[in-house]
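Here's a quick briefing on one protein model, sorted by topic. Have a look at the structure first, then work through the notes below.

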Amino acid sequence: VQGRAWLWLYLYREGEWLGVEQPFLDFAKVRRPEIAYDDPGLSFAYRILEPLRRGHLRVQSSARVLSGSRAGRVVPVTVELEVTAIGAAHSTGPGDQEGHSSETYDARRMEQPIVLDGQIQIGNEMLAFEGRGERDHSWGPRYWLLEWSFFALNGVERRLQCVEVRFPGDGTIAIGYTQVGRESDGVTQEIRDVSLEITRLDGLENAFAGRCDVVDESGKLFGFTFEAIAAHEMDLSHVLEPSPPRSVYRRALIRAIPEDGSAPLIGWLEDHVMPDGVAR
């Protein structure tokens with residue numbers, strides 16, 4: 001509707017964050033169905049190899065170094081990654097949730113655990129990459145002027161995604177899924193409840209700590225404590241209407257320690273909070 005495409009890319013390596021923040025690209029230049037874009041100094045493409053199963057991501061750009069000894073520098077980066085699903089896509093159903101609804105088209109969203117394999121070039125250095133993550137795909141309008149905390153964890157024996165959305169004066173909603181078992185035969189269940197405690201610290205290196213408990217549809221509880229490995233901060237003011245004083249929007253790589261004694265999980269926490277006293 002706004003005629004713009006939005007690209008974010010963040011890379012973390014050896015204590016250094018690099019970021020590409022391009023939220024005002026000309027949507028008319030996006031080529032479909034490849035989902036590709038080319039401008040001098042910036043290009044990206046996502047090629048669907050098998051719907052909901054495999055894809056290929058390519059990004060070439062200049063990234064600004066956000067932390068570490070090289071902070072402030074601009075470095076060329078190239079990303080070539082194969083994306084492979086390791087579980088069924090989990091949908092929240094029809095798009096009838098507050099801030100995620102439309103009367104004219106399906107506005108639902110889905111989440112899906114994935115693995116990634118390929119290479120990343122930072123400056124002149126080529127790096128092999130293997131990783132685990134989460135595919136988040138949504139359609140429809142978005143109401144951003146609220147608070148949320150989003151977790152995604154991905155391990156060999158367990159995958160989990162949950163989000164707590166806070167409506168000031170009107171409670172919270174909590175949704176997500178948990179997938180237990182090896183990737184080939186993991187059992188997926190909807191999350192029915194989330195209890196989240198976050199300690200927000202001033203620095204970005206150790207930005208968060210806390211604990212989280214989730215209850216799946218069978219009534220089983222899974223709890224874990226977590227700590228931040230490293231975090232970065234982004235500017236979300238370009239979608240906040242009416243514009244308040246700048247919100248605090250951070251994403252952190254985290255280490256989750258399950259309370260059932262199972263192996264630690266790596267993932268991330270995305271956290272958006274509004275300044276005190278802002279009417280939402």
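The sulfur of Cys162 sits 4.2 Å from the closest cysteine sulfur, the one in Cys212, and that is too far for a bond. With a disulfide taken as a pair of cysteine sulfur atoms within 2.5 Å, the count comes to zero disulfides. Keep in mind that this is a predicted model, where local features need pLDDT of at least 70, side-chain atom pairs count only at pLDDT 80 or more, and totals for chains, interfaces and linings use all residues. Residues are numbered from 1 along each chain as its sequence is written, and side-chain values use heavy atoms, with hydrogens and water left out.

**The cysteine pair**

- A disulfide is a covalent bond between the sulfur atoms of two cysteines.

**The chain as a whole**

- The protein chain has zero helices and 19 strands. Helices (H or I, at least four residues) and strands (E, at least two) are DSSP runs, numbered from the N terminus.
- The radius of gyration is 19 Å, close to the 19 Å that the globule rule gives for 280 residues, so the chain is as compact as a globular protein of that length. That radius is taken over C-alpha atoms, and the globule rule is 2.2 Å times the number of residues to the power 0.38.
- Along the principal axes, the C-alpha atoms of the protein chain fill a box of roughly 50 × 45 × 40 Å.
- Buried residues make up 43% of the 280 residues in the protein chain.
- Of the contacts in the protein chain with a separation of 6 or more, 51% come from residues 24 or more positions apart. Contact here means heavy atoms within 4.5 Å.

**Cavities**

- Rolling a probe the size of a water molecule over the atoms shows where empty space is left.
- How many cavities of 30 Å³ or more does the structure hold? There are three cavities of that kind, and the largest cavity has a volume of about 70 Å³.
- On a 1 Å grid over the protein atoms alone, a cavity is a set of points where a 1.4 Å probe fits but cannot get out, and lining residues have an atom within 4 Å of a point. Grid points are joined across faces, edges and corners, and a volume is the space filled by probe spheres set on the points.
- Residues lining the largest cavity include Tyr46, Ile48, Glu50, Leu52, Arg53, Arg54 and Arg135.
- The elements giving two or more residues to that lining are β4 (42-50), β5 (54-65), β6 (74-85) and β10 (109-122). The largest share, three residues, comes from β4.
- By class, the lining has six nonpolar, two polar and four charged residues. Ala, Val, Leu, Ile, Met, Phe, Trp, Tyr, Cys and Pro count as nonpolar, Asp, Glu, Lys and Arg as charged, and the others, Gly among them, as polar.

**Backbone spots in the loops**

- The peptide bond from Arg32 to Pro33 is cis, with omega near 10 degrees. Pro33 is in the loop between β2 (16-26) and β3 (36-39).
- Ile35 is also found in the loop between β2 and β3, and its phi is near 60 degrees, a positive value in a residue other than glycine. At 37% relative accessibility, Ile35 counts as partly exposed.
- Leu52, in the loop between β4 and β5, has a positive phi too, near 65 degrees. Leu52 is partly exposed at 49% relative accessibility.

- Ala230 belongs to strand β17 (residues 221-234) and is buried at 6% relative accessibility. Ala230 and Glu16 are 214 residues apart in sequence but 9.0 Å apart in space, C-alpha to C-alpha.
- Leaving aside neighbours within four places in sequence, Ala230 is in contact with residues including Tyr12, Trp17, Leu204 and Arg251.
- Leu7 lies in strand β1 (residues 4-13) and counts as buried at 11% relative accessibility.
- Not counting residues up to four places away in sequence, Leu7 touches Val20, Glu21, Gln22, Leu25, Leu42, Phe44 and Val59. Leu7 and Glu21 are 14 residues apart in sequence and 6.3 Å apart in space, C-alpha to C-alpha.

Key:
1 Å grid on protein atoms, 1.4 Å probe; cavity = no way out; pocket = protein on both sides within 12 Å on 5 of 7 lines; lining within 4 Å. Buried < 20%, exposed > 50% of the residue type's maximum accessible area, 1.4 Å probe, protein only.
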